[in-house]
Amino acid sequence: MKLTIATAFLALVATTAFAADVVQDVPTAPVAAAPVFTWSGPYFGIDGGAGWLNGDFSAGGASADEDFNGGVFGAFAGYNFQFDNIVVGIEGNIEHNWNEEDALGADVGTDWAGAVRGRVGYAFDKALIYGAAGWAATRGYVDAPGFDKETETFNGYTVGAGVDFAITNNIFARGEYRYNDYGEKDILGVDVDLDQHELKFGIGVKF
């Protein structure tokens, strides 16, 4: 009788130990790593704000300096490549300016403008601080009494800096300052030199 009880006890202990080993050997489910946000890829968006355009005019020994300030609104598109925290890319934009003023008895201003820029930035996860520079152009016009409206395309350069901030994985907000030097052109015998400061805010979609 004692032998039977001892044998049963040993069997119970062995079964319990085996069950414990089986429980311990069950593999734990791997924890999925959270996806890392990246700025790489194409994007596009719209932006708007204010522009402060300065025009220097000279003809026949006379000269004048006029400010042409107003609103700007446009669209942009580009492509980013991200290497660790460094982001490089290229971007193009087109915009319309509302800045017509009277100068020397004529209506003067710029309407359409655009640029192609290279960008270099540093990403703090969902915040991207960047600088940009490249080619810029604008269409200037002079509408003087007794003359047909004259337009000329000014070509120059643009430099600026800004911040893109990702609201979601696909939607980002933007704030940007730009300086545009459009160079000089002769319009109706008047030498015109244009440069502009811009402050713009926008929203974009990245893919």
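In which strand does Y141 lie? The answer is strand β6, where strands (E, at least two residues) and helices (H or I, at least four residues) are DSSP runs numbered from the N terminus. The structure is a predicted model, in which local features need pLDDT of at least 70 and side-chain atom pairs count only at pLDDT 80 or more, while totals for chains, interfaces and linings use all residues. Residues are numbered from 1 along each chain as its sequence is written, and side-chain values use heavy atoms, with hydrogens and water left out.

With a relative accessible area of 8%, Y141 is buried; the label buried means under 20% relative accessible area, exposed means over 50%, and partly exposed lies in between, using a 1.4 Å probe and protein chains only. Along the chain, Y141 and V108 are 33 residues apart, yet their C-alpha atoms are separated by 5.8 Å. Neighbours within four places in sequence aside, Y141 is in contact (heavy atoms within 4.5 Å) with E100, D107, V108, G109, T110, D111, K149, E150 and T151. With one of these residues, E100, the side chain of Y141 makes a polar contact of 2.7 Å. A polar contact is a pair of N or O atoms within 3.5 Å; within protein, one must be able to donate a hydrogen and the other to accept it, and residues adjacent in sequence count only if both atoms are side-chain atoms.

Rolling a probe the size of a water molecule over the atoms shows where empty space is left. On a 1 Å grid over the protein atoms alone, a cavity is a set of points where a 1.4 Å probe fits but cannot get out, whereas a pocket is an open set with protein on both sides within 12 Å along at least five of seven lines; lining residues have an atom within 4 Å of a point. Grid points are joined across faces, edges and corners, and a volume is the space filled by probe spheres set on the points.

Two or more lining residues come from each of β1, β5 (106–124), β6 (127–143) and β9 (190–206). By class, ten residues of this lining are nonpolar, three are polar and none is charged; here Ala, Val, Leu, Ile, Met, Phe, Trp, Tyr, Cys and Pro count as nonpolar, Asp, Glu, Lys and Arg as charged, and the others, Gly among them, as polar.

The second largest cavity has a volume of about 40 Å³. Among the residues lining this cavity are N93, E95, R178, N180, Y182 and E198, and β3, β5 and β8 (171–187) each give two or more residues to the lining. Four nonpolar, three polar and three charged residues make up this lining. The largest pocket, by contrast in class, is lined by twelve nonpolar residues, with no polar and no charged ones. About 170 Å³ of space lies in this pocket. Its lining includes F57, F147, I187 and L188, and β5 and β9 each supply at least two residues.

The strands themselves can now be followed along the chain. Strands β1 (residues 41–59) and β2 (residues 62–83) pair in the antiparallel sense over 19 bridges; pairing requires that DSSP finds at least two bridges between two strands. A59 has A62 in β2 as its bridge partner. These two strands form a hairpin with two residues between them, and G60 in the turn has a positive phi of about 55 degrees. β2 also runs antiparallel to strand β3 (residues 86–98), joined by 13 bridges, and G78 is partnered by E91 in β3. Another hairpin is formed by β2 and β3, again with two residues between the strands, and D84 in the turn has a positive phi of about 55 degrees.

Q82 is found in β2, and a polar atom of its side chain lies 2.7 Å from the backbone nitrogen of W39. D164, in strand β7 (residues 150–166), is buried with a relative accessible area of 1%. The side chains of D164 and R174 are joined by a polar contact of 2.9 Å. Besides R174, the contacts of D164 include W39, R119, K126 and Y130.
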